[in-house]
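Dear colleague,

I am passing a structure over to you, and below it you will find notes on what came out of the analysis. Please look through the structure before reading on.

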Amino acid sequence: MRLKEKTHRKFVEFFEKISSMYQGKDFELAYSDIQRETGAASVTLKRAIQALAEDGVIEVQPGRNSRYARFRYLLVTQNTEGKSSEVVSNETRNSEDLSHEDKVQPGGISESVNEDVSELTQVVDHLRRRVRNQEMAIALLQDRLAEIEDKMRKR
């Protein structure tokens with residue numbers, strides 16, 4: 001089952017972004033959230049998830065109910081391992097530089113702060129979306145409850 005290159009890239013980028021928010025660990029997402037973020041139709045969503053699983057990009061397991069699934073982004077494990085070794089070597093170099101006080105890079109601190117701020121911004125945006133989804137679900141339940149109460153009063 002082949003996807004268009006644009007669709008494939010969109011889903012890979014989406015799962016990569018979400019995986020980085022969860023620091024490479026397993027994460028549970030509602031299919032509707034994925035659909036909303038990628039702008040894909042439900043049939044395309046199912047095909048894309050199946051294609052990515054077959055390609056070894058993601059691993060999919062059942063979620064808490066039929067509207068959710070647990071995902072693991074498999075490509076990030078290779079990148080994360082490489083990045084973590086780079087980070088360790090960079091930290092070692094930075095500590096050596098600071099201890100010798102030969103080379104102090106003023107931009108290095110601001111770059112790490114910018115990366116931290118960017119990561120926190122992503123987490124906050126994700127939490128805002130989750131809160132908004134919960135608010136919408138509560139509103140729908142309240143509307144439904146009001147309809148049921150009206151029916152009960154009429155009887």
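I begin with R64, which is exposed, with a relative accessible area of 58% (exposed means over 50% relative accessible area, buried under 20% and partly exposed in between, with a 1.4 Å probe and protein chains only). Please bear in mind that this is a predicted model, in which local features need pLDDT of at least 70 and side-chain atom pairs count only at pLDDT 80 or more, while totals for chains, interfaces and linings use all residues. Residues are numbered from 1 along each chain as its sequence is written, and side-chain values use heavy atoms, with hydrogens and water left out.

Salt bridges

The side chain of R64 meets that of E28 in a salt bridge, at 3.0 Å from N to O (a salt bridge being a side-chain nitrogen of Lys or Arg within 4 Å of a carboxyl oxygen of Asp or Glu). This pair links distant parts of the chain, since R64 lies in the loop between β2 (58-62) and β3 whereas E28 is in strand β1, 36 residues apart. Helices and strands here are DSSP runs numbered from the N terminus, helices being H or I with at least four residues and strands E with at least two. E28, for its part, counts as partly exposed, at 22% relative accessibility.

A second salt bridge joins D26 and R72, at 2.7 Å from N to O. It too links distant parts of the chain, with D26 in the loop between α1 (5-21) and β1 (27-30) and R72 in strand β3 (residues 68-73), 46 residues apart. D26 is partly exposed, with a relative accessible area of 26%, and R72 is also partly exposed, at 30%.

The strands

Strand β3 pairs with β1 in the antiparallel sense over four bridges, and with β2, likewise in the antiparallel sense, over five bridges (two strands pair if DSSP finds at least two bridges between them). F27 has F71 as its bridge partner in β3, while the partner of Q61 in β3 is R70. A hairpin of five residues joins β2 to β3.

In a regular strand the side chains alternate between the two faces of the sheet. In β3, the covered face holds A69, F71 and Y73, and the uncovered one holds Y68, R70 and R72.

Helix α3

Helix α3 (residues 42-55) has 14 residues and reaches 20 Å from its first C-alpha to its last, close to the 20 Å expected at 1.5 Å a residue (the expected span being 1.5 Å times one less than the number of residues). Its buried residues are L45, A48, I49, A51 and L52. Seen down the axis of α3, these fall within an arc of 165°, so they line one face of the helix (the arc being that of the directions from the helix axis to the C-beta atoms). On the other side of α3, V43, K46 and E54 are exposed. What covers the buried residues includes α1, α2 (31-38), β2 and β3, with contact meaning heavy atoms within 4.5 Å. After α3 comes G56, whose phi is positive, near 80°.

The nonpolar core

The largest nonpolar core has 21 residues, of which F11, F15, I34, I58 and F71 touch the most other members (such a core is a set of buried Ala, Val, Leu, Ile, Met, Phe, Trp, Tyr and Cys residues joined through side-chain atoms within 4.5 Å). The elements that give two or more residues to this core are α1, β1, α3 and β3, and its largest share, six residues, comes from α1.

A last detail

Q23 lies in the loop between α1 and β1. Its phi is near 55°, a positive value in a residue other than glycine, and Q23 is exposed, with a relative accessible area of 55%.

With kind regards
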